[in-house]
Amino acid sequence: MQRNHARHLRARLRQAAFTHAPLWVTRGRAARSKSVQAIHLARHDVPLEHLPPELDGMRVTHLSDLHVGPVLAPKDLPRIVALANQLDGDLVAVTGDFVDLSLTVLEPVIHALQQLRAPLGVWLVPGNHDYLDDGPELIRRFQKAGLNLLLNRAESIKARGAPVLVAGVDFPHKKKQLGSHLVRAFHRAPRRPESALRLLLSHHPDAFDWAGRHDVDLTLSGHTHGGQLVLARTGGKRGSIGLGSLGFKYPHGLYRRDRHFLYVTSGVGSWFPLRVQCPAEIASLTLRRRAA
Ligand SMILES: [Fe+2]
């Protein structure tokens, strides 16, 4: 995709109003506040019907939305990598928005991603912010660095002897593209039982609407930041009232439809320097075998 100058200008205006202005007014204190800097380690069990016994207890470490730039700076990355590696996941998934806007931070971002450790690999998909400056350049540099970027494709790997499918989709710049991205990702992918566990990485959580069609056990997403501003925790299906629940169908947390699950993380970084009742997080998801 070519650089879109109108989109880039809008992104710069957005960053000036919602990021640089509050940082200027607070002399940078907003970015260093505990509400923005503290990272919660969110641990959840995911009960999967088709999980083979040898994969019971497998852990996925899920990070998203680092937005490296004015709020979360390159100097914060070693702390984030250390926290993620402490979770000791079998597999690491990073679901996009690596940069907030400018690619000037790309070197430290790539270096940090290369420091993430997992025996089954570190798998990545891009988010919308990764396209705001120069998306093709970001993709080229990630691929040159040997990072496992999943752009509408799936890879088969072996985990404890069992075949696992890890699929990922590119960010859909038009909402209707998301379904066709998934079709492309799964087009040549082996079906069950040749894939015993089927994972999908998608920056946008609405990919979950197609999870059943492609028999995905667990979809991993970000994008929403949980809304960043939560006015009240309501529990139940809605979960909370705030920016996330106003703007998104799946704002934050673990969702289930039939035997398919979605986890939407509130993300590691922020695009404006404020979080209320919605801490940044890194998630550790433990897959559990569940009787049908
Ligand atoms: Fe984001």
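## Terms and model

Two residues are in contact if their C-beta atoms, placed from the backbone, lie within 7 Å. The model is predicted: local features need pLDDT of at least 70, side-chain atom pairs count only at pLDDT 80 or more, and totals for chains, interfaces and linings use all residues. Residues are numbered from 1 along each chain as its sequence is written.

## Overall fold

The protein chain holds 8 helices and 14 strands. These are DSSP runs, numbered from the N terminus: helices are H or I with at least four residues, strands E with at least two. The radius of gyration, taken over C-alpha atoms, is 18 Å, close to the 19 Å of the globule rule for 292 residues, so the chain is as compact as a globular protein of that length. That rule is 2.2 Å times the number of residues to the power 0.38.

Of the 292 residues, 45% are buried. A residue is buried with 20 or more other C-beta atoms within 10 Å of its own, exposed with 12 or fewer, and partly exposed in between. Among contacts with a separation of 6 or more, 74% join residues 24 or more positions apart.

## Helix H4

H4 spans residues 77–86, with Leu77, Ile80 and Ala84 buried. They cover an arc of only 60° around the axis, which puts them on the same side of H4. The arc is that of the directions from the helix axis to the C-beta atoms. Arg79, Ala82 and Gln86 are exposed on the other side.

The buried residues of H4 pack against strands S1 (39–48), S2 (59–63), S3 (91–94) and S14 (280–289), and against helix H5 (106–115). Asp88 follows H4 and has a positive phi, near 55°.

## Strand S2 and its partners

In S2, 4 of the 5 residues are buried, so the strand is largely enclosed by the rest of the structure. Strands pair if DSSP finds at least two bridges between them. S2 pairs with S14 in the antiparallel sense over 4 bridges. Val60 stands opposite Leu285 there. S2 and S3 run parallel, joined by 4 bridges. His62 has Ala93 in S3 as its bridge partner.

## Nonpolar core

A nonpolar core is a set of buried Ala, Val, Leu, Ile, Met, Phe, Trp, Tyr and Cys residues joined through C-beta atoms within 7 Å. The largest has 69 residues, of which Ala167 and Leu199 touch the most other members. Neighbours within four places in sequence aside, Ala167 contacts Leu150, Ala154, Ala185, Phe186, Ala189, Leu199 and Leu200.
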